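Hello,

Here is the structure we talked about. My notes follow below it.

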Amino acid sequence: MYGLTLDDEAPAWRVLCRMVARVHGLYVPEKSHNEWKNHFFDKVLPGRCKWTSAPDNFTIKVSARFRPGETTQTTEKVYVPFNQRMMILKKGEKIVNEVPERFKDSLLGNTMSDPVRLPRSGRVCDRKVIMLHLRRHKTDPFTNSRLTADKLQPCPHLKHEIEEWKRTSSDPLSHEGLLVDANGIRQLAGRIGDKIATDLLDAVMEAERLEHMGTATMRSQASAPADTTAPATTSAAVPVFVPTEDIDTEREVHNGASPEAELSDDTEVLDDETEMWHGSNGPVMPKAMREKFKRRVQKPRVVSVDGNKIIMFQPGNGVRPFLMSSCFKESPQEEIYYQSVQHCVERTMSGANSCVLCYGQTSSGKTHTMFGSEHCPGVAPMALKEVVCAASVLKGLNVGVEVKLRYIQIYGREVSCLLTGNNIEMLRDERHEIDLRGCGDVVMESEEDVDRLLAEGRARKRMAATAMNETSSRSHTLILVDVLQHYQGVNVQSRMCLVDLAGSERVKKSNVEGLAFSEAVAINRSLLVLGKCMTALSERRGHIPYGESRLTLVLKASLGGRCATSIIVCCRHEDDNAAETLQTLRFAETCTAITSTAKAAAVDAGKALRVINTSLEKCKRRLALVSPDDPMNEALQFNYNSLSRKRAMLIERHELVGKMCP
C-alpha cells in the first residue's frame with residue numbers, strides 16, 4: 001500500500017511509520033521495543049482511525065517483575081503427582097509400593113482383606129476366596145484334607161496390619177518414591193513446556209480474545225431486545241453508591257468467605273487449599289486424607305523464571321508454569337518501561353484509553369517499579385515525560401494538544417486529591433460518568449512540571465510501617481492523564497491512568513491490627529473487585545462490575561472502549577514469600593483469562609497455528625451472521641484482519657508455509 005513489502009529491512013519500516021504518522025497526525029516514539037515492521041502493523045496502522053470512530057478493542061498485557069537480589073531457596077524435598085514423577089523416572093527405578101508377601105492370599109496371590117488361617121496346612125488365605133473353594137470341594141486346597149468353614153481361624157492382627165497398609169498406601173504422601181529433591185524439580189521445570197516464543201503467546205492470546213468477542217456478539221444477537229426507554233436524566237450530579245465498600249453485609253470474596261475471615265490471625269498458609277483438593281479435572285487426592293495433608297502441608301516455591309514463563313511448585317498439583325508477556329528478574333527500569341508501558345503512551349496519544357497497574361504483595365517493589373527514586377525513576381515519571389514529549393512532537397504536526405494531570409489516592413472509603421489535599425466527592429453526571437468533584441487538575445507542559453507534581457503528591461501519600469515493609473502504601477495511588485487533541489476541526493479525548501495499587505497482604509505476616517487491619521481488609525476487597533473487572537473485560541462479558549468498588553469506578557473511564565491495559569505483577573523470589581507470589585500469579589492469570597488449551601498451544605508453533613485457524617474460521621462464520629449495521633461487526637472485522645496478519649507473519653517466521661491450511 002505504501003510501496004514496501006514484508007521483506008524490506010527495518011530502517012524502511014521505520015521511515016514508513018514516520019510517513020504515516022505525519023499524514024495522520026500520530027505519534028511514533030524514537031525507540032520501539034518491537035521490530036519496526038510489527039510496530040507499523042500493531043500500532044501505526046490502527047492509529048489511522050484516531051480522528052474517526054474506531055472499533056472498540058480491549059487488549060491486556062501482563063508482565064511479572066521479581067524483586068532483584070532475592071534467590072534464597074530451601075533444598076527440602078517435595079511430593080509431586082504421579083504423572084510428573086514418571087517424567088523424571090530413572091531406568092530401573094520404582095515408585096509404587098510393593099505388596100508384602102504376607103499380605104497376599106496363598107491361593108490366588110491377591111491382597112487379602114479378611115485373612116484366615118487353614119488349621120491343617122497353616123496357610124493364610126482371604127476368607128472370600130477360601131469360602132468359594134469350600135462350596136465346591138469341602139477340602140483344604142493344599143493338603144486335600146476335609147475342611148469346613150467353622151474351622152477357619154481369623155487373624156485379627158494381620159487384618160489390622162493390612163488395613164493400615166492399605167490406608168497409608170492410598171495416601172500420596174506415604175509414597176517415598178514421589179519425593180523429589182531440588183535437582184528433580186529443576187528437571188521437571190525443563191520438561192514441562194519448552195521455551196515459549198513471545199510472538200506465539202501474543203498470537204494465541206489474541207485468538208482467545210477474538211473467540212470471546214465472537215461469543216459475546218452471538219450472545220447479544222440471540223438475546224431479547226433491550227428496553228429502549230432512556231433513563232431519566234437530570235442536569236444535577238448525584239452521589240455514587242458503592243455497595244460492597246459501604247455495606248458490611250454485602251461481601252463477595254473467594255469461596256464465599258469475607259476478607260476478615262481470610263485475614264484472621266488463625267488463618268494458615270493454605271490459600272491454594274481449594275485447588276489442592278479439587279483441581280480442574282476433579283479431586284486430586286482422597287477426601288479421607290485431607291486432614292493428614294493439612295498436618296503435613298508443604299509450602300509453594302518459585303522454581304525458575306525464564307523468558308515469559310515462571311515455574312512454581314504448588315502443593316497438591318506439583319510443578320506448573322505461569323505464562324506472562326514478559327518476565328523481569330534483574331532488569332533495569334528502562335527495560336520494564338519500554339517492554340510493558342511505552343505502548344500505552346503511544347495508544348493514548350493515538351486517541352485511545354490506556355491503563356498501567358502495578359499489583360503485588362506488600363514489600364514486593366510495586367511503588368519502586370511505578371515511581372522509582374531520584375536517581376532511578378520508575379515507569380510513571382518516564383511515561384509522563386514521554387507524554388510531554390509526544391505533545392511537543394504532535395504540535396509540530398499542527399495538532400493542538402492539551403495535557404492535564406490529576407493525582408488522587410483512594411484510602412478505604414475516602415478519595416482525596418494529592419495535589420491539593422482536598423477530599424473528593426464522587427458524583428455521577430448527566431452522562432452517567434463519574435465526576436471527581438473537588439479534584440484539582442494541572443496542565444502539564446514540561447518535564448519540570450512532571451517532577452514537581454510527583455513530588456507534591458508524594459508528600460501527601462498515606463504510608464505505614466508493617467512487619468513486612470517500613471513504608472507500606474496504605475492506599476491506592478492513581479495518576480489520571482487526560483489528553484485533548486484537535487486537528488482540522490476534529491476533537492479527540494483520551495485518558496491514561498497510572499495506578500500504584502496498595503499491596504495485598506496477610507495479617508498473620510504483616511502483624512497489623514486495629515486500623516491497619518481494617519485497611520488491609522479494604523485493600524484486599526477492592527483488589528478482588530479489580531480482578532473480576534479485568535476478567536469480565538478480557539472475556540467480553542456484557543456486565544462489568546465497576547460499581548462494586550471506588551477503585552474500579554475511577555478506572556472505568558480508562559478501561560472502557562478502546563483500551564490498552566498493562567499489568568505489572570510484582571513478586572518476591574524467596575520461599576518465605578512463595579505463597580503470596582502464587583496468589584499474585586493467579587491474579588495475573590485471572591486477568592489474562594487465557595485457557596489451558598491456549599497455554600498448551602503457545603509451546604508449539606503448529607499447535608498455535610491450529611488454534612488461530614480455528615478462531616479465524618469461527619469468526620468468519622459469525623461475521624456472516626452479524627448484521628452490517630451492528631456496532632460489533634466493525635470490531636469483529638478489525639480483529640479478524642489483525643489476527644489474519646499475525647497468522648501470516650507466524651507462518652513466515654516459523655517456516656510453516658505449506659504445513660497448515662489457511
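Leaving out residues up to four places away in sequence, which residues does Gln-333 touch? The model is predicted, and in it Gln-333 touches Arg-65, His-368, Thr-369, Gly-372, Cys-376, Pro-377, Gly-378, Val-379 and Met-382. Gln-333 sits in helix α12, residues 333-340. Its relative accessibility is 2%, so Gln-333 counts as buried; the cut-off for that is under 20%.

Next, the nonpolar core. The largest one holds 98 residues. Ile-310, Leu-478, Ile-479, Val-481 and Leu-555 touch the most other members. Helix α15, residues 379-395, gives the most to this core: ten residues.

Take Ile-479 from that group. Setting aside neighbours within four places in sequence, Ile-479 is in contact with Phe-371, Ala-380, Leu-384, Leu-405, Arg-406, Tyr-407, Leu-454, Met-496, Cys-497 and Leu-498.

Now confidence. Mean pLDDT for the protein is 75. Of its residues, 70% reach 70 or more. Confidence is highest in α15, at a mean of 94. It is lowest in helix α10, residues 273-277, at a mean of 36.

Two stretches to flag before you set anything up. Over residues 226-235, pLDDT stays under 50, and the model has five contacts for them beyond four places in sequence. Over residues 465-470, pLDDT is also below 50. Where pLDDT is low, predicted coordinates should not be read in detail.

Best wishes

Notes
Residues are numbered from 1 along each chain as its sequence is written. This is a predicted model: local features need pLDDT of at least 70, side-chain atom pairs count only at pLDDT 80 or more; totals for chains, interfaces and linings use all residues. Side-chain values use heavy atoms; hydrogens and water are left out. A nonpolar core is a set of buried Ala, Val, Leu, Ile, Met, Phe, Trp, Tyr and Cys residues joined through side-chain atoms within 4.5 Å. Buried means under 20% relative accessible area, exposed over 50%, partly exposed in between (1.4 Å probe, protein chains only). Helices (H or I, at least four residues) and strands (E, at least two) are DSSP runs, numbered from the N terminus. Contact means heavy atoms within 4.5 Å. pLDDT is the predictor's confidence in each residue, from 0 to 100.
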